[in-house]
Amino acid sequence: LFETLRLRLTLFFFPLLPIQQMQFMLLFSRQGKLRLQKWYVPLSDKEKKKITRELVQTVLARKPKMCSFLEWRDLKIVYKRYASLYFCCAIEDQDNELITLEIIHRYVELLDKYFGSVCELDIIFNFEKAYFILDEFLLGGEVQETSKKNVLKAIEQADLLQEVSKSNFSGRSVSMVVVTQKLHVPLSF
Amino acid sequence: MALKMVKGSIDRMFDKNLQDLVRGIRNHKEDEAKYISQCIDEIKQELKQDNIAVKANAVCKLTYLQMLGYDISWAAFNIIEVMSASKFTFKRIGYLAASQCFHEGTDVIMLTTNQIRKDLSSPNQYDTGVALTGLSCFVTPDLARDLANDIMTLMSHTKPYIRKKAVLIMYKVFLKYPESLRPAFPRLKEKLEDPDPGVQSAAVNVICELARRNPKNYLSLAPLFFKLMTSSTNNWVLIKIIKLASILHFVYRIRFGALTPLEPRLGKKLIEPLTNLIHSTSAMSLLYECVNTVIAVLISLSSGMPNHSASIQLCVQKLRILIEDSDQNLKYLGLLAMSKILKTHPKSVQSHKDLILQCLDDKDESIRLRALDLLYGMVSKKNLMEIVKKLMIHVDKAEGTTYRDELLTKIIDICSQSNYQYITNFEWYISILVELTRLEGTRHGHLIAAQMLDVAIRVKAIRKFAVSQMAMLLDNAHLIASNTQRNGICEVLYAAAWICGEFSEHLEEANQTLEAMLRPKVTTLPGHIQAVYVQNMVKLYASILQQKEQAGEKEAAQEITQLMIERLPQFVQSADLEVQERASCILQLIKYIQKLQVKEVPVAEEVIALFAGELNPVAPKAQKKVPVPEGLDLDAWINEPPSDSESEDEKPKTIFHEEEQRHSRHRQPEIDEEELARRREARKQEQANNPFYIKSSPSPQKRYQDTPGVEHIPVVQIDLSVPLKVPGMPMSDQYVKLEEERRHKQKLEKDKKKKKQKKEKRGKHHRHNSLHTESEEDIAPAHHVDIITEEMPENALPSDEDDKDPNDPYKALDIDLDKPLADSEKLPVQRHRNVETLKSPDSEVPLVEKKSKKPKKKEKKHKDKERDKGKKKEKEKKVVEEEEEEEKKGEDLDFWLSTAPPTAPTPQPQKSSKHKKKKHKKEKEEKSKDKKKSKKKSHHSEEEPPESVQNGTLEDEPLPPMSSYRLLAENPYIKMTYDIQGNLQNDSQVTVSVIFENKSTSFLKSMELNVLDSLNTKMLRPEGSSVHDGIPVPFQLPPGISNEAQFVFTLQSIVMAQKLKGTLSFIVKNDEGSTHEKLDFKLHFSCASYLITTPCYSDAFAKLLESGDLHMSSIKVDGISISFQHLLAKICFHHHFSVVERVDSCASMYSRSIQGHHVCLLVKKGENSVSIDGKCNDSTLLSNLLDEMKETLSKC
């Protein structure tokens, strides 16, 4: 009897148990243009588009002074705006919002270090680099490297293997006030 | 110059790079789609070229387009081409594209297996890294199965960069291919103590995820995590560990029972480091995590811990700091966590009321919502009005309807909680409700309506006021129902109409109200509201009629009747059936009344009697609590069943008549008075007999004489000294103000009595202060309004059930445990793959087995698939069987048995070892030794089994001696043999009898036996001892002496054989001194040991077989030389069966498990073989039993 009781209790507590896995990360501009998307859960393209559309709308509708968290469907959305870009992550109910915010911030710091005071245009024209950095930082929705230095080192060394022929920053010639706004990464979080 | 331009454009055309594409898209804002389709055409051209650089460029552009939302799945093959490029530049792009657009449904994904494997083993760590990253996004079950081994190897890579990626991706592999978990787990565990913090954190991450899915298997890691929790300095890792620790804590609790004394200790063990962290950390995320975990743990703890409240206090303090922070995020989270505490420790939160009230004014809506959640627990008698006033202001200001609706429900929740406990002035509450009806577009009209009804019914003293307010609402119905599209709120008219009708005696200007109800506009309301209107206007009419008649104003009475007759037809025409039916019925009634009125017959008394009686709330459990009178058998027939139609009614005529009436109501408009009276009588009768309709006192048939009736309920008169109207203010505000004044006055009076000490300080200006310093008891409600208690039947037994605290922390545990498990509830179980379908190495097969099978397997694999296996085999050996959970052993055993040749020896040799390769040979030796021993043993027996002839029809043929005692373990000092017997009294216990034989010349003492419990099988230990405590053997052994001790084990499932590891520790004492010795053993619970020899008669046996709910299975064993007689005896003895019937070389046998499974066997002997057909309730149990039997027989 006790065994079954315990089993029941296990089942009962099961949904309460904390989970930490990021579901997806989206980067979009103030105009609602998607700049980067990374999905850590398998979803159909249709579903992805629907979620993106819905979330972009919801987040853009929030007032600047509002807190960075919102409950959306059964997920928690953690977002932060840096200049013209919104960084938006979805986590599960028991996850730690603050650590997610730190993850976002850490990613922005990494971008900033890599591009040298990053702006939206850097991410647009070098979107693959942005992905590479993200992939070095997060893997399957989990933080894989907590040291900034290590992430950048890995990226730099990988870049060394790459041909240097292409001029990466040719895109800069396009002058767009909004897009070149720096993401203003504060020094400490 | 021109040439240059041309050249440029040609370049562009043929080699448009990503930047060009992006720029192009930006320059073609108007016709983006067209531009992109043009680009896609170009890309298709580029992909056709052989140059890999061009292809990579094209794929890169495609990836960008994919992000913009274009489908690029058609290029999957090209992506694979780019992935397999040798240059890192291209490979990287290929993998990126793949990770963005591949998913399980991508069919070409299977082509990547070899490429990925190649990349994984590449000497360049970045190749490997890129492959791992990509794989994490698109791993499929096939890929997981094929690459599991490669990734596992990478977990021990020299570079931490690779190790951490491999560890993390292992989780994805486990998800897709669960079979890989067991072989990979030991290595994963090692990684917890990896020198590189990144790898360590990755391992923590993965184990945390795994533990979340199936926590029980990770309990053994708890100590390690507690250690890490106190030693780790990396906050990222710490947060993970804390999460994991709390998971493990929960599981531990559940597994070892919340009632054991161990449990609070464990909680404390977890709480201590957490509180230390809370004190010391400056990282908010970590603080938040700790606080959350502490809350979760404390909430779950059943018994009060010594520092319980201190920890909660600490959490609340820290949360206060968060809430006070200027950072909106921290504020939000602080409130969120507070609401968790509120459920179990409302007191601790209440002291921070001020702060939470402040948050109601926050500019951020999400924060206000969180604060609203908390308010529920914040209110008290003294601050309710204040809080609600604040909320009302927010209601007015609120912009979005969602927030306003939320506010509305919260106001109602707060006010109505615990039976209106905190409301001191119900007039105020009614006015609040009325004010709420001014909300436009709310969805919650029905909520307000329900509150109005509830209050009006239950608070007798408020009815007069309520009725006047409701009449006002009805009068202004056009405002409320002006737009039915935004409906919702018109629900309140339902309540208003009902209240005005039911309590019409309180109505001052009933005429006006009746007129309002008869307005043509009413017909636009929803049907159910109109129906209530129709019904209640009759009530209203009746009371007006009575009033007029009493006053002798006959004309006025006729006028009102005329009004009804004029207006009612609009309802008769209603499309809503309910409205129509009621209206036409009532119309006829009123026409009849009119006739009487013309004849100047006083009718009011009769009409009003239609609605006589009062409605009182009945407790939800009242019906259940009606005590059964002595001598009444509720199950007995009152009358003979067929005659029930007669007994039902003494006045069948009336019923019949009524029935007829209904059918022909239009043709027969006249209802004679007698009929009316009869109906009335019937109605009264029904009311009297209806437990949900409590009669008013004059009823002659009052059922519960001693029940406190309505008139017994103490209702104190409203103190009408309070002036009701203060012009120029919204209604509810007046009450707040009045209340303040009243309280102030009270206070002053009290203070006067107290020698006027502090009178000056508590003026109006300090009202906040004064309110807070007052104690709850000081506030006497303005209207001492008693809420009518819900009625209970006479002699209702008081029971605790009713008084459950809604905040009871254990309420959540109130689960129906008898309900069978739904599939969805079942815990995930790892299953073995069948041997036939086994494509990848399965290390669960014990080594011995594997060696012999190796060549065969190899062949098979070569045939089946062209995968390179050589490497795998190497690893296969390494990973063999360092397995953790005992319970799994049972499965292993089955697995092993099923693949083993029938001549397999006893399944003893599965010893876990850390030096697998070396131990290998030893094991084999041991095994053969075991075999010899067991054979030897079976020849020289220790006791003649009585069971063997117990109930059989066996002939008196001499049987070979047999012993059920098997060797458990042996060393130069001691030999242990054991036997397991089921316990019929307890379906989950078996008794293990162990014979200890002292083989040495020394004295053996302080023997202690301990086993490592599995989830399924546990040793029964005395109350209060932990799972790690052994059980002392209750005797000492002088040299050469043997003695027997018994140990009881509890089991959950008995369908599988089990193995438990254990240790006997003892002290050897001889002339030279004493030494501490240990002997490890493995206790094997065979399925047969769960069976109890139970005699069964052949007819019962036949019935059992016929019943058809048994599963069937059979085996055949060749090469049996012993006689059938001996064979049966063996089965009887070793497997606890009894012979039911025996005919020549065929016998039926029966046994029962301790849990009541029936096991039936049909044993047939052929020339040199025996076939056994078995039937049993449980197929697993049966197949395991048969396997065991096969093993026994194969030794014959």
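How many helices and how many strands does the secondary structure of chain A comprise? In this predicted model, chain A contains six helices and seven strands. Read from the N terminus, these elements follow the order α-β-β-α-β-β-β-α-α-α-β-β-α.

The chain may next be considered in terms of burial and contacts. Chain A has 189 residues, and 60% of them are buried. Among the contacts in chain A with a separation of 6 or more, 60% are made by residues 24 or more positions apart. The accessible surface of chain A amounts to about 8,000 Å², and carbon and sulfur atoms contribute 57% of it.

Attention now turns to chain B and to one of its helices. Helix H17 of chain B covers residues 308-324, which is 17 residues. From its first C-alpha to its last, H17(B) reaches 24 Å, close to the 24 Å expected at 1.5 Å a residue. The buried residues of this helix include the nonpolar Ile312(B), Leu314(B), Val316(B), Leu319(B), Leu322(B) and Ile323(B). His308(B), Ser311(B), Cys315(B), Lys318(B) and Arg320(B) are also among the buried residues of H17(B).

A further feature of chain B lies on the surface. Which residues form a nonpolar patch there? The patch consists of Phe77(B), Met110(B) and Leu111(B), which together have about 340 Å² of accessible area. Of these residues, Phe77(B) belongs to helix H5 of chain B, which spans residues 76-83. Phe77(B) counts as partly exposed because its relative accessibility is 46%, a value that falls between the limits of 20% for buried and 50% for exposed.

Technical notes:
Residues numbered from 1 in each chain as written. Chains lettered and ligands numbered in written order. Predicted model: local features only at pLDDT ≥ 70, side-chain atom pairs only at ≥ 80, totals over all residues. Heavy atoms only, no water. Helix = DSSP H or I, 4+ residues; strand = E, 2+ residues; numbered from the N terminus. Buried < 20%, exposed > 50% of the residue type's maximum accessible area, 1.4 Å probe, protein only. Contact = heavy atoms within 4.5 Å. Areas by Shrake-Rupley, 256 points an atom, 1.4 Å probe, with all protein chains shown as cover. Expected span 1.5 Å × (residues − 1). Patch = residues over 30% accessible without salt bridge, like charges linked within 9 Å, V, L, I, M, F, W, Y side chains within 5 Å. Salt bridge = Lys/Arg side-chain N within 4 Å of Asp/Glu carboxyl O.
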